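Look at the sequence and the structure below. The report then takes up the pocket, the cores and the strands in turn.

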Amino acid sequence: MALPRPLTQSDPSSVSPGPLAGHRPLPHSRCRREMSSNKEQRSALFVVLFALVTILILYSSNSANEVFHYGPLRGHGRRPFNLKKWHISDGYVPILGNKTLPSRCHQCVIVTSSSHLLGTKLGAEIERAECTIRMNDAPTSGYSADVGNKTTFRVVAHSSIFRVLRRPQEFVNRTPETVFIFWGPPNKMQKPQGSLVRVIQRAGLLFPSLEAYAVSPGRMRQFDDLFRGETGKDREKSHSWLSTGWFTMVIAVELCDHVHVYGMVPPDYCSQRPRLQRMPYHYYEPKGPDECVTYVQNEHSRKGNHHRFITEKRVFSSWAQLYGITFSHPSWT
C-alpha cells in the first residue's frame, strides 16, 4: 500500500482551514478546543458573579444610607427630650470672657434667609419683636424694609464664620448688641491648632463689643440624638448634615416662650409649587440656586452628606403646637 505523499507549503491542500474530510481531529486539537470552551465558560461565570456581587453591594449601600423620603416621620410619637428642660448653661460655652448666654425671651422671631420675604415690607413688624434671631451671613443692609435690622441672636455655622467676620461693619458693628452663637463639629471648632474658636477670639480683640458662644460638644451630641429620636434615622448612617435652620429652631425653643418664623415654607411646598415658578434660595442672592431644587436634591441624595431640609420641616410642623411655634409668609402649621 502506497504511503500518502507529504504535504508541502506549495500544496493547495495544505491551506485547508480545518481537518480534512473523513479525518478525526487530532487529540491535541481537541484539548485546545476544550480548554478554550472552559475558559469561555469561566469568563461568562465570572461576569455573572461580578454583576450579582455589584448589585448586592449597591443594594446594601442604598439600604444602609437610609435615604429620606416624603413619608411620615418614623420617630414621631417617641420624644427623647423636652427641649424646655434642656439646661442652657450646659449647652453654650462662652468664647470671649465668662458671660452666660441670656436665658429667656418671651416672644422671639426667626427671620429666615428665604426669598419669600422680598417685597413683604415686614421690617417694621420684625423690629417690634422682643428678640430677633437670624442665621449665618444673611445681611440686613439694603433689605431692612423687608427683613428689619434688629438682631438679638445670630446663629452661625462653622462654614460661615469667615464670611461673617470678614464683614464686621455688617454683622458686628452694625448691631453691636447681637449675641453670636457658633456651631460646628468639635474637631473643627476646638482642635488645638488653627481652631475656629481661636479665630473668633482674635476677632474679639478687634471688636470688644463682640459677644460670642459656641455650642458645646455635649450639646452637639444632643442635637444628633434629637434628630434620631424625631426621625428614626441616625444622622451619620443616613449621611445627613443638620442645617443651621435645625440648630436655630432648637435654640429658639430653648430661649423663647413663643417663636414666630418668617419665610419658612411648609414641608409639602415643593411638591405643590408650579414647576415654572422660581424662588432663589437666599433673598440676598437673586441669581443663586432655586429653593425647591436645593431642597429636593438634598432630601433625596444618596451620595455624600446633605441637609434633609424637608424632613426637618416635618419635625418643625410636629413641634408647632407643643412648643408654641407659628409660621408666616407663607403661613402654615
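## The largest pocket

The largest pocket holds about 940 Å³ of space; like everything described here, this comes from a predicted model. Four helices or other elements need naming here: α9 (217–231), α10, α12 (291–300) and α13 (309–323) are the elements that give two or more residues to the lining.

What kinds of residue make up the lining of the largest pocket? The lining divides into 17 nonpolar, 13 polar and ten charged residues.

In soluble globular proteins, nonpolar side chains tend to be buried together. The largest nonpolar core of this model has 44 residues, and W246 and W319 are the ones that touch the most other members. Helix α10, which covers residues 244–255, gives the most to this core, with eight residues.

Strand β6 spans residues 211–215, and five of its five residues are buried. Both of its faces are covered: E211, Y213 and V215 lie on one side, with A212 and A214 on the other.

Strand β6 pairs with β1 (residues 92–94) in the antiparallel sense, over three bridges. Within this pairing, Y92 has V215 of β6 as its bridge partner. Strand β5 (residues 179–183) runs parallel to β6, and four bridges join the two. In β6, E211 stands opposite V179.

## T132 in strand β3

T132 has its place in strand β3, which runs over residues 131–135. Is T132 buried or exposed? T132 counts as buried because its relative accessibility is 0%, and buried means under 20%.

Leaving out residues up to four places away in sequence, T132 touches V109, V111, I126, K150, T151, T152 and F153.

Conventions. Residues numbered from 1 in each chain as written. Predicted model: local features only at pLDDT ≥ 70, side-chain atom pairs only at ≥ 80, totals over all residues. Heavy atoms only, no water. Core = buried A, V, L, I, M, F, W, Y, C linked by side-chain atoms within 4.5 Å. Buried < 20%, exposed > 50% of the residue type's maximum accessible area, 1.4 Å probe, protein only. 1 Å grid on protein atoms, 1.4 Å probe; cavity = no way out; pocket = protein on both sides within 12 Å on 5 of 7 lines; lining within 4 Å. Points joined across faces, edges and corners; volume = space filled by probe spheres on them. Nonpolar A, V, L, I, M, F, W, Y, C, P; charged D, E, K, R; others polar. Pairing = 2+ DSSP bridges. Contact = heavy atoms within 4.5 Å.
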